[in-house]
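Me: I am new to reading protein models and would like to go through one with you. Could you show it to me and then take my questions?

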Amino acid sequence: MVAAARSRPTDTAWRLRLARREASGLPEIWALLDRLTDPEIPAVSLWDLGILRDLAWRDGRLIVTITPTYCGCPAMSEIEADIRATLEQAGYGPVEIETELKPAWSTDELSPEAREALRGYGIAPPCIGSALTEKPQCPRCGSGQTHPLAEFGSTACKALWQCDECHEAFDYFKPI
Ligand SMILES: [Zn+2]
């Protein structure tokens with residue numbers, strides 16, 4: 001049963017996010033924002049990480065809806081400045097940025113591309129769904145035989161794990 005759950009993850013949160021993007025009907029503006037990456041994880045775009053939630057025109061102004069990731073995200077002001085600069089340079093200003101706190105950001109919102117990029121960095125992506133008790137796969141060899149070493153890794157958002165097969169120690173992006 002556990003194996004079946006793993007092979008068919010519940011990626012509902014990600015699909016809902018994608019549907020909201022498509023419903024906004026502003027593909028050329030989304031394409032501009034797709035170039036912006038997270039200052040702390042430069043391989044992952046703000047969109048892939050789940051920080052960007054929606055775009056809309058309201059009373060002649062472009063409204064960008066964002067949500068912070070966990071840990072209070074110290075980079076949020078830098079991220080807002082990047083969004084504003086990118087859109088205003090392209091002639092879409094003045095831009096308003098609204099922060100949406102409900103529903104709270106969850107690691108289930110990461111795009112498949114974000115998960116792949118984390119693996120490329122040697123970081124095990126978070127398990128999908130209420131999988132707090134599931135073991136992450138080793139990002140180096142793919143083994144599911146892993147064990148925790150420490151509750152915190154290189155940042156508070158990650159835990160330190162080790163692979164039983166290749167013995168590599170790796171960061172695990174904790175699911176929330
Ligand atoms: Zn391994």
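Me: What makes β4 and strand β7 a pair?

Reply: Two strands pair if DSSP finds at least two bridges between them. β4 and strand β7 (residues 169-173) have two bridges in the parallel sense, so they meet that rule. A124 stands opposite Y172 in β7. A word on what you are looking at: this is a predicted model, in which local features need pLDDT of at least 70, side-chain atom pairs count only at pLDDT 80 or more, and totals for chains, interfaces and linings use all residues. Residues are numbered from 1 along each chain as its sequence is written.

Me: Why are β4 and β5 called edge strands?

Reply: They belong to an open sheet of four strands in the order β4-β7-β6-β5, with mixed pairing. The strands β4 (123-124) and β5 (146-150) each pair on one side only, and that makes them the edges.

Me: How many helices and strands does the protein have, and what counts as one?

Reply: Helices (H or I, at least four residues) and strands (E, at least two) are DSSP runs, numbered from the N terminus. The protein comes to six helices and seven strands. Along the sequence, they follow the pattern α-α-α-α-β-β-α-β-α-β-β-β-β.

Me: Why is L55 called buried?

Reply: A residue is buried if 20 or more other C-beta atoms lie within 10 Å of its own, exposed if 12 or fewer, and partly exposed in between, with C-beta atoms placed from the backbone. L55 has 21 other C-beta atoms within 10 Å, so L55 is buried. You can find L55 in strand β1 (residues 52-58). Of the 176 residues in the protein, 28% are buried.

Me: Which residues is L55 in contact with, leaving aside its neighbours within four places in sequence?

Reply: Contact requires C-beta atoms, placed from the backbone, to lie within 7 Å. By that rule, L55 is in contact with S24, L26, I29, W30, L62 and V64. Looking at C-alpha atoms instead, L55 and R20 are 9.1 Å apart in space and 35 residues apart in sequence.

Me: What is the phi of D59, and is D59 buried or exposed?

Reply: Most residues other than glycine have a negative phi, and most peptide bonds are trans. D59 is not a glycine, yet its phi is positive, about 50 degrees. D59 sits in the loop between β1 and β2 (61-66). With 6 other C-beta atoms within 10 Å, D59 is exposed.

Me: What makes H167 exposed?

Reply: H167 has 10 other C-beta atoms within 10 Å, so H167 counts as exposed. H167 also has a positive phi, about 70 degrees, although it is not a glycine. Its place is the loop between β6 (158-163) and β7.

Methods
Two residues are in contact if their C-beta atoms, placed from the backbone, lie within 7 Å.
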